[in-house]
Amino acid sequence: MHGERPPDRRDVRDDPVTVAVAGAEFGWGSSGKLSAVLTALRERSARPLRFIGLATGLGRPLLSRHGVEHWYDLPAEASAGDRADAVAKVVEAERIGAAVVVLDGPAAVALETAGVPTVFVDSLPFLWTEGDLPELPLEVSVYCAQQCVELPQECIGVLGSVRDLRWVEAVIGAPPEVQRPRRSRPEPFRRALVNLGGLRAPGLADWTRYPEIVLPAVLEALGAHGVREAHVAGNLPAELAERLRAAGHGGLGVTAGPLSHAEFLHRLADCDVLLTSPGLTTLLEAGSLAVPTVCLPPQNLSQIFNGRFHSSAVHGDVRTVWPPEVFAEDEALARRSQGEDAALRVIYDGIAAAAEPRNAPRNVTAVRESVLEALGRASSGAAWGGLAAQVGTRGAAQVADALLDVLDREPRPGPAGPTAPRTVQEGIDVHD
């Protein structure tokens, strides 16, 4: 384990260091991790830092409080060479001294190619097989793999190819002070937080299909269970969010809308139960607060693993799954040998078919019953902190230390000059 540095170890100098940040456009997990790392960097660096964002368009609202100076939209669906050229222009204009990248392998490779020492954060090391090797940045300056409950045999060889591998604990935001004391014994749930995350992902043609089935089922189940208040967080279609607010759900009061990372953590600390698509960052953050948690049906491949890991760690069957006619999880897992995209096709195609008008009513009913049963099991109690306890929660500080170590040993470019771009240049959109 890479040890933590004392926050005041480094010499104080006045000139800022420019750090590029980027995360995968796959839900909001990457942005949540970047939020936690940026907070840790500001706390631990004795030197001023300025942050420049690359891509990460979906997650920018979650990072709005972190003072990212401006964002660069990289060319969509560009070749590796075009992407590298675009990143190199940003690096030169902004005089970037280092970078931290979460799960976006091509961005990490492009930054290293441009001469920027890069810390890559892999929160899904249990997912990769030989078919994923072309997408992984094996030669980055530091490759931080997040500890996991179980590392399948096929992943060991993949990670053995990494040049500088460091295992870190869970990269999550620091939990806020709990506004209400956590219950010492099981009691009825009255206040729920429902979380669907960012929803979008590369290769997903219609990201509205999942919430169209899952949300009506969840809200009906919450009303039937006796919950009085529920907030639905996530990247919801505006029309669906309005429809949910207007509908009756058996006495359940519903609010809906996205939350910043800090707002989400505060809502999480104050709820009786969380119902979430099983993104790993969310499950770990809930575990750090010992919040009772029900896993909703998975949206993608990693969430199958996450839900299983969570139920095992908390010693409770608090996971809901899709009806077998939507897709079989074991079939999706078997396709991993062909790479993640092959497995995702099973999942995405199954969810799309499940939301078709002729199929949707029976699938909503099936998911509703599964959620209601899981709520009943969750209300009996479980070891809610189990997952966070198994993998630790200090990863954000450890990643920050890795980046500061890189800055300690690398020559640092000076601050950007007054000619740094503020307009569109050769395919790179800049946003202040």
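## Contacts of E150

Which residues does E150 touch, not counting residues up to four places away in sequence? In this predicted model, E150 touches F126 and F309. E150 is found in the loop between β6 (142–146) and α4 (153–159). The residue is partly exposed, with a relative accessible area of 48%.

The contact with F126 spans some sequence. E150 and F126 are 24 residues apart along the chain. Their C-alpha atoms are separated by 7.1 Å.

## The phenylalanine cluster

The structure holds five aromatic pairs. One of them joins F126 and F305, with ring centres 5.4 Å apart and planes at 50 degrees, so this pair is tilted. F126 lies in the loop between β5 (118–122) and β6, and F305 in helix α9 (residues 301–314), so the pair ties together parts that are 179 residues apart in sequence. F126 is buried, with a relative accessible area of 1%. F305 is also buried, with a value of 10%.

A second pair joins F126 to F309. The ring centres of F126 and F309 are 5.2 Å apart and the planes lie at 85 degrees, so the pair is edge-to-face. F309 also lies in helix α9, so its pair with F126 ties together parts that are 183 residues apart in sequence. F126 and F309 are both buried. Ring pairs link F126, F305 and F309 into a cluster.

## The cavity

The structure holds one cavity of 30 Å³ or more. The volume of the largest cavity is about 70 Å³. Its lining includes F126 and F309, the residues that E150 touches. Also in the lining are S123, Q146, Q147, C148, V149, L280, L284, L387 and V391.

What kinds of residue make up the lining of the largest cavity? Eight are nonpolar, three are polar and none is charged. Two helices each supply at least two lining residues: α8 and α13 (386–391).

## Helix α8

Helix α8 covers residues 280–288. Eight of its nine residues are buried, so the helix is largely enclosed by the rest of the structure. The buried residues are L280, T281, T282, L283, L284, E285, A286 and G287. Among them, L280 and L284 also line the largest cavity. After α8 comes A290, whose phi is positive, near 55 degrees.

## Salt bridges

Side chains of opposite charge can pair when their charged atoms come close. This structure holds 20 salt bridges. One of them joins D401 and R44, with the closest N and O atoms 2.9 Å apart. D401 is in helix α14 (residues 395–409) and R44 in helix α1 (residues 29–44), so to speak distant parts of the chain, 357 residues apart. Both ends are buried: D401 at 1% relative accessibility, R44 with a relative accessible area of 9%.A further salt bridge joins D270 and R191, at 2.6 Å from N to O. It links distant parts of the chain, 79 residues apart. D270 is in the loop between α7 (261–269) and β11 (273–276), and R191 is in strand β8 (residues 191–195). D270 is buried, with a relative accessible area of 13%. R191 counts as partly exposed, at 30% relative accessibility.

R308 pairs with D330, the closest N and O atoms being 3.3 Å apart. R308 is in helix α9 and D330 in helix α10 (residues 329–334), 22 residues apart. R308 counts as partly exposed, at 33% relative accessibility. D330 is exposed, with a relative accessible area of 54%.

Which residues are linked with R308 and D330 in a network of salt bridges? R319 and E329 are the other members.

How values were computed
Residues are numbered from 1 along each chain as its sequence is written. This is a predicted model: local features need pLDDT of at least 70, side-chain atom pairs count only at pLDDT 80 or more; totals for chains, interfaces and linings use all residues. Side-chain values use heavy atoms; hydrogens and water are left out. Buried means under 20% relative accessible area, exposed over 50%, partly exposed in between (1.4 Å probe, protein chains only). Helices (H or I, at least four residues) and strands (E, at least two) are DSSP runs, numbered from the N terminus. On a 1 Å grid over the protein atoms alone, a cavity is a set of points where a 1.4 Å probe fits but cannot get out, and a pocket is an open set with protein on both sides within 12 Å along at least five of seven lines; lining residues have an atom within 4 Å of a point. Grid points are joined across faces, edges and corners, and a volume is the space filled by probe spheres set on the points. Ala, Val, Leu, Ile, Met, Phe, Trp, Tyr, Cys and Pro count as nonpolar, Asp, Glu, Lys and Arg as charged, and the others, Gly among them, as polar. Contact means heavy atoms within 4.5 Å. Rings of Phe, Tyr and Trp (its six-membered ring) pair if their centres lie within 6.5 Å; planes under 30 degrees apart count as stacked, over 60 as edge-to-face and the rest as tilted. A salt bridge is a side-chain nitrogen of Lys or Arg within 4 Å of a carboxyl oxygen of Asp or Glu.
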